[in-house]
Amino acid sequence: MLTIRQTERRLAVIANWGLFGTFGLGLILSGVNGGTIALGLLGFALILVGFIAQVIINQVYGRGFTPGEVALGFIGFGIAVLGFVASWIFDPTFGTTDIVVGLSGFAAIIVAFLVYLVTRYGLKGSFSMFHHRGRH
């Protein structure tokens, strides 16, 4: 059974991603469909703001990311990258603007993730986290 504090955290996370995730995804799609780099990059910026907001929410409630949140994040990122690469390969109308928006946004998300790992666990701790998991 969830405590009130856990329920508050879940509501804060859902409200956070309901706002920043929805508008971010909408702006990315508008930027790609309309050929506007600024709109697409603004969408990725909103996704990053949502990520930073969740880090702040986690800090306020004294928790880290739950395993379900981590899994959802990796699955969502993987599906987005796969869709981007498939569109690049198979869609003849996929233009330079779409490539710039996609590569810039995905690079920004990867950099933000690495910065989070290094600031949260340290450089050695981040490397050791993956190193130990790979050995078992």
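Q: Which helices each supply at least two residues of the lining of the largest pocket?
A: This is a predicted model, in which local features need pLDDT of at least 70, side-chain atom pairs count only at pLDDT 80 or more, and totals for chains, interfaces and linings use all residues. Residues are numbered from 1 along each chain as its sequence is written, and side-chain values use heavy atoms, with hydrogens and water left out. Helices are DSSP runs (H or I, at least four residues) numbered from the N terminus. The helices that each give at least two residues to the lining are α1, α2, α3 and α4.

Q: Which helix provides the largest share of the lining of the largest pocket?
A: On a 1 Å grid over the protein atoms alone, a pocket is an open set of points where a 1.4 Å probe fits, with protein on both sides within 12 Å along at least five of seven lines; lining residues have an atom within 4 Å of a point. The lining comprises 50 residues, and L72, G73, F74, G76 and F77 lie nearest the pocket centre. The largest share, 14 residues, comes from α4.

Q: How many residues in the lining of the largest pocket are charged?
A: Asp, Glu, Lys and Arg count as charged; Ala, Val, Leu, Ile, Met, Phe, Trp, Tyr, Cys and Pro as nonpolar; and the others, Gly among them, as polar. The lining has 33 nonpolar and 11 polar residues, and its charged residues number 6.

Q: Which residue meets R9 in a salt bridge?
A: A salt bridge is a side-chain nitrogen of Lys or Arg within 4 Å of a carboxyl oxygen of Asp or Glu, and by this rule the count comes to 1. R9 lies in helix α1 (residues 4-34), and its partner stands 60 residues apart in helix α3 (residues 67-90). At 3.0 Å, N to O, the partner is E69.

Q: Why does N58 count as buried?
A: N58 is in helix α2. Buried means under 20% relative accessible area, computed with a 1.4 Å probe on protein chains only. N58 counts as buried because its relative accessibility is 4%.

Technical notes: Buried means under 20% relative accessible area, exposed over 50%, partly exposed in between (1.4 Å probe, protein chains only).
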